[in-house]
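Subject: Structure handover

Hello,

Here is the structure I promised to pass on. Please open it first, then read my notes below.

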Amino acid sequence: MELLTNILAATVVAGTPLLLVALGELICERSGVLNLGQEGMMLMGAVAGFAAALSSGSLVVGLAAAILAGIGMSLLFAFMAVTLAANQYAAGLALTIFGTGLSAFLGAGFVGQSIDGFTRVAIPLLSDIPVVGRVFFDQDPLVYLSLLIFACVAVFLRKTRGGLLLRAVGESPEAANANGLKVLVVRYLAVAFGGGMAGLAGAYLSLAYTPLWTENMTAGRGWIALALVVFATWRPERVLLGAYLFGAASILHLVLQGLGWKSSTELLAMLPYLVTILMLVLLSWNPARTRLNTPLSLGQPYRPGR
Amino acid sequence: MLLLEKRPVDSTLMRWASPVLALVLTVITGFVLFLAMGKDPVDGLKFFFITPISDLIGLAELGLKMAPLLLCAAGLTVCYRAKLWNIGAEGHFLIGALGASVMAVQLVDNSGFWVLPVVLLAGVLGAMVWAAIAAGLKTHLHCNEILTTIMLNYIALNLLLYVVHGPLKDPYGFGFPQSVMFSDSALLPALIPGTRLHLGLAFGLLAAVALWVLFARSFIGFQLNVVGQDHRAAAFAGFGARRLTWFAFLIAGATAGLAGASEVTGPIGQLVPQVSPGYGYTAIIVVFLGRMHAVGIVAASALLALTFIGGEMLQIAMNMPKAVTGLFQGLLLFYLLTCDAFIHYRVRLKPSAHQSTKAAVTAAHGEA
């Protein structure tokens with residue numbers, strides 16, 4: 001029981017960065033913009049967060065810096081993909097390549113340093129519930145924050161006027177424009193939200209998960225999150241479920257080793273990527289269903305008027 | 001107010017001027033960056049762009065880095081022309097290196113002219129199988145090729161790390177994760193004696209020629225172009241999208257696999273964990289910068305090869321982080337895509353609403 005509880009708690013921790021970045025990308029894609037630059041924005045968030053926290057001594061300052069870095073990166077993307085109507089695939093790839101290079105460049109001086117990251121804060125009473133208490137209510141503050149953001153995103157999309165406008169822009173920018181909506185403004189905001197969330201997810205890695213900075217420390221999580229949004233058929237509840245599922249896959253090798261399974265670390269490290277492909281297969285084999293769920297204008301640049 | 005206006009016809013001039021403009025903008029940014037870091041910008045740019053290739057050894061090193069970029073980019077061009085977003089060149093490359101290494105270690109006690117071709121073929125076939133996974137996932141299970149190829153890259157990297165730490169590890173290698181040195185018969189001959197430049201560059205240039213023939217002279221190249229430009233038109237014409245997808249992915253696998261195989265049988269001579277400094281990803285920039293054209297990618301691969309050795313030079317000469325290479329490459333692609341917008345659009349001065357009303361009023365007065 002003890003072991004299971006610990007595994008579940010570790011699953012939530014491993015799933016949290018995925019949840020954060022995937023919620024951001026979910027909003028972004030619901031507005032019709034596909035940003036493949038998640039990996040680059042996360043890396044920038046991770047390095048900015050670490051650098052700011054190290055030099056200021058405050059983790060909150062680190063978080064703010066990470067979010068700003070993510071937003072800054074996403075605005076670069078938005079300028080290309082939304083204002084200049086460039087190919088979103090190419091622009092997103094550019095963002096990832098640029099972010100990978102820039103973060104490694106900026107972070108070169110921080111390799112090998114460490115800070116005191118976020119630690120667990122138990123919520124009184126709730127954390128006394130067996131199993132669930134440890135898994136959800138005895139975690140670091142960012143886990144709580146991610147659950148709060150999840151709730152906000154879910155309510156925003158379903159219950160608010162803003163969510164309706166966002167979905168309208170994603171399904172049919174022409175119709176939204178005809179109804180007087182500023183399509184480009186909505187898309188800019190959605191992209192910026194995605195950037196902020198990716199920055200936050202990066203900071204989770206460098207300030208809580210492993211409180212240090214190494215080059216390419218995201219290890220493909222930005223890409224896994226993109227697959228996660230497809231897996232979740234663009235619904236927040238399924239993003240939550242999927243994030244923890246992928247979180248479980250990414251700690252499976254630790255669990256197996258803990259149980260005395262003798263296998264190579266490298267082979268087990270493939271698991272999250274294999275699981276991602278498997279999930280894509282399960283979710284995509286029926287193209288009609290994929291079409292039904294995809295925001296209709298996803299990946300299509302929009303130019304107002306003329 | 002500035003307004004972006006769609007051109008009636010795409011600008012051919014801008015299509016070819018855009019990479020040059022992007023390079024100029026990148027250099028300017030680099031200049032500012034050096035200043036901001038308190039380094040001499042002229043020296044910095046000289047160390048990055050000129051010093052590395054100012055002698056024969058340097059030029060040979062440029063060719064050495066150019067070979068894998070050119071091979072990977074040639075294969076990716078076939079995919080991107082058909083709008084198949086294969087990001088998997090890195091994975092194909094690693095599997096190519098892995099396949100060739102496994103064969104070379106098997107044949108380490110053999111000599112003869114046949115050893116090298118067999119080793120290279122093992123790498124090429126391995127990478128083609130790897131690319132076929134992504135092709136099959138796309139054509140039969142409708143999986144997005146961007147995501148599957150990226151995942152396959154990470155899997156390939158871990159597979160290579162497993163093999164080099166496990167089955168292929170040299171038992172007498174003092175615990176280092178590396179294979180035994182290959183036999184001389186499994187090594188690529190040097191192109192210029194006395195330098196590290198090997199036959200791989202010739203493979204790259206041949207691939208560029210083949211690419212030109214494919215798109216300028218062959219029916220299948222035409223079909224790939226049509227599929228890329230208008231999927232529906234291609235379907236009406238009866239061009240099999242599945243068949244073309246398989247063709248493009250297998251070509252990409254073969255060229256990148258050959259690049260990987262040439263890397264381990266060329267400058268390295270054994271399998272090591274750091275086979276690739278990201279050639280497969282940089283090749284994506286080469287394709288865009290080279291305008292998906294055979295001649296263009298040759299020039300672009302030379303420029304990006306320079307970013308690798310320029311970065312190393314800056315590290316040695318000015319004590320800058322090696323990551324300056326990645327930063328430069330990212331900036332270049334960024335500026336390129338920005339400049340590319342002006343292939344389809346032009347900037348026009350649009351009078352603001354207030355001004356245009358005033359103009360209309362003045363005009364009305366003039367008439368009266």
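A:A219 is partly exposed, with 16 other C-beta atoms within 10 Å. That class sits between buried (20 or more other C-beta atoms within 10 Å of a residue's own) and exposed (12 or fewer), with C-beta atoms placed from the backbone. A:A219 is not a glycine, yet its phi is positive, about 50 degrees. Most residues other than glycine have a negative phi. Look for A:A219 in the loop between α9 (183-209) and α10 (221-231) of chain A. Helices here are DSSP runs of H or I with at least four residues, strands are runs of E with at least two, and both are numbered from the N terminus.

Two notes on reading the model. It is predicted, so local features need pLDDT of at least 70 and side-chain atom pairs count only at pLDDT 80 or more, while totals for chains, interfaces and linings use all residues. Residues are numbered from 1 along each chain as its sequence is written, and chains are lettered from A and ligands numbered from 1 in the order in which they are written.

B:R291 is not a glycine and has a positive phi of about 55 degrees. B:R291 lies in the loop between α11 (279-289) and α12 (294-318) of chain B. It counts as partly exposed, with 19 C-beta neighbours inside 10 Å.

Next, helix α11 of chain A. Just after α11(A), A:G260 has a positive phi of about 90 degrees.

Now chain B as a whole. It has 14 helices and two strands. Of its 368 residues, 50% are buried. Its C-alpha atoms fill a box of roughly 100 × 60 × 35 Å along the principal axes.

Last, the interface. 37 residues of chain B are in contact with 39 residues of chain A, contact meaning C-beta atoms, placed from the backbone, within 7 Å. On the side of chain B that touches chain A, α13(B) gives the largest share, 12 residues.

Best wishes

Methods. Contact = placed C-beta atoms within 7 Å.
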